[in-house]
Amino acid sequence: SFIFSTLFLQLLFASLPSHRTLTFTADDSWQILQKSIGISAMHVQLLRNDRNLSLPNGKCCNDPADMALQVDCTTHSVEYDIFANKYRALCAITPDGNLFQTGGFNDGERRVRIFSPCRTCDWNEIPNGLTAKRWYASNHILPDRRQIIVGGRGQFNYEFIPKNIVANKINLPFLSETNDKGIENNLYPFVFLNVDGNLFIFANNRAILFDYVNNIVVKKYPMIPGGEPRSYPRNGSVVLLPLKNLKAATIEAEVLVCGGAPKGSYIQSLKCTFMAALNTCARIKITDPNPEWVMETMPLARVMGDMIVLPNGNILLINGASSGTAGCEQGRDPVLSPVLYQPDNNIGSRFELQNPTTIPHMYHSTAALLRDGRVLVGGSNPHAFYNFTGVLFSTELSLEAFSPAYLDSKFNELRPTIIAPKSMSGIRYQKKYTIEVVLNNDKVDESSVSVTMFAPAFNMHSFSMNQRLLVLENEKVTVVDNSMYNVEATTPRSRNITPSGFYLLFMVHQDISSQVIWVRLH
């Protein structure tokens, strides 16, 4: 399931800048799924029943404190059934598969909302579920199954849900240190669980490794070279690169931060001067004793982009603009072409330009990996309200899907089909499992067969919270008959490597992924 809340944009055509000669891969493609789902996809989350949320007919909100609309009978979220291509009116996923969404604007700042995936379920709201008012905060699931909520506008602290202590608001000086007065540049901090159980927290242009149990900064990472901001409102995007060699005594973890906007760009955008976005990525091994950022140059500058980890371990950079910043009416020059980043290639050969969409996805756009390997793309509403006329970029209500090259039919002979285990099977930590697959190819390269597990992310404002891909490199491939194979792989050894919960399990052969099954790791 996908959860969308509030705002979308209408179809608009634009061309690539004429001053660059760009080449595209030929095998990726775009498809319009719905011209309108009635809302703009500002938030998106894949749920375990492959579906996304809004107010049913006749149900209205009466809220005198609402600064925009006191009586509201409109939909703000829909549930979208991916494979039926249908939606109904009705945000981190907990280990039991429920969606938790926290905080918001005005009288939503302390609320916690819960959605359980089922055909008739709707939101359940807890009015004072948070200790502090949180708008533009980040959530992350912890090894002990709690969630940590970090930061937010004017909040230089963190808290946990469910609450387990009386004083549930704990100061985090790093957030005040990275706050640029009057501009912020540290909202929606980038948070990832490191393989040692500590949290990597990035804000503005630098990061720390944080022991949240003892409230101790374990390590301060160097500032990104150049010192340009990468956090909201100068939205860059970020991923934890795929975790590999999971049976090794020491597991490496790397973070990649791409795009953003230069210093001064936010203030200039308020004056209708739109500075060029950043065209660099910064990559760092967060597990190294003396880590350093390694800089790379993208083929296209990008701000407000999204980064999605694909089943084969490559990274898709998608959505966004090439000038301005995040914020209403503050971005220009949509970037229509995604870029593929191949982390295992040598520097200088990692980026590959993909075919463009025709729909600008600017501020308040989203992207999410689907079970069949496509990437769902929606949203774009750079306005305070829905606006369809008299603006450069109208509110976008459509949904489209980007199909990476590995889905091209010419690769069908290389594509594995998982026969067992069945979807929704339970698996345990540090256990060896046999995955039964069909490969209609008489030249299977056993060394290029791997199993990957993907944690579906809650995507909003250029950050896919809790996104994580684990590579369970095959330990043995056995031929059962002409097209049937058994692949043995071992699950991660602890919840520090990845929390318990529902995962998408893919089989990958020569970078071509299978359609996925759901598994529950516990």
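Trainee: Which element gives the largest share of the lining of the second largest pocket?
Mentor: Strand β35, with 3 residues. Keep in mind that this is a predicted model. β35 (449-455) and β38 (468-473) each supply at least two residues of that lining.

Trainee: How many residues line the second largest pocket, and which lie nearest its centre?
Mentor: The lining has 32 residues, and N312, G313, N314, V508 and D511 lie nearest the centre. The volume of this pocket is about 580 Å³.

Trainee: What is the lining of the second largest pocket like by class?
Mentor: It has 15 nonpolar, 12 polar and 5 charged residues.

Trainee: What is S450 in contact with, beyond its neighbours within four places in sequence?
Mentor: V471, L472, N474, F506, M507 and V508. As for D511, its C-alpha atom is 9.1 Å from that of S450, and the two residues are 61 apart along the chain.

Trainee: New topic. Where is R146?
Mentor: R146 sits in the loop between β11 (138-141) and β12 (147-150). R146 counts as buried, because its relative accessibility is 14%.

Trainee: Which side chain does the side chain of R146 make a polar contact with?
Mentor: That of D144, at 2.8 Å.

Notes:
Residues are numbered from 1 along each chain as its sequence is written. This is a predicted model: local features need pLDDT of at least 70, side-chain atom pairs count only at pLDDT 80 or more; totals for chains, interfaces and linings use all residues. Side-chain values use heavy atoms; hydrogens and water are left out. On a 1 Å grid over the protein atoms alone, a cavity is a set of points where a 1.4 Å probe fits but cannot get out, and a pocket is an open set with protein on both sides within 12 Å along at least five of seven lines; lining residues have an atom within 4 Å of a point. Grid points are joined across faces, edges and corners, and a volume is the space filled by probe spheres set on the points. Helices (H or I, at least four residues) and strands (E, at least two) are DSSP runs, numbered from the N terminus. Ala, Val, Leu, Ile, Met, Phe, Trp, Tyr, Cys and Pro count as nonpolar, Asp, Glu, Lys and Arg as charged, and the others, Gly among them, as polar. Buried means under 20% relative accessible area, exposed over 50%, partly exposed in between (1.4 Å probe, protein chains only). A polar contact is a pair of N or O atoms within 3.5 Å; within protein, one must be able to donate a hydrogen and the other to accept it, and residues adjacent in sequence count only if both atoms are side-chain atoms. Contact means heavy atoms within 4.5 Å.
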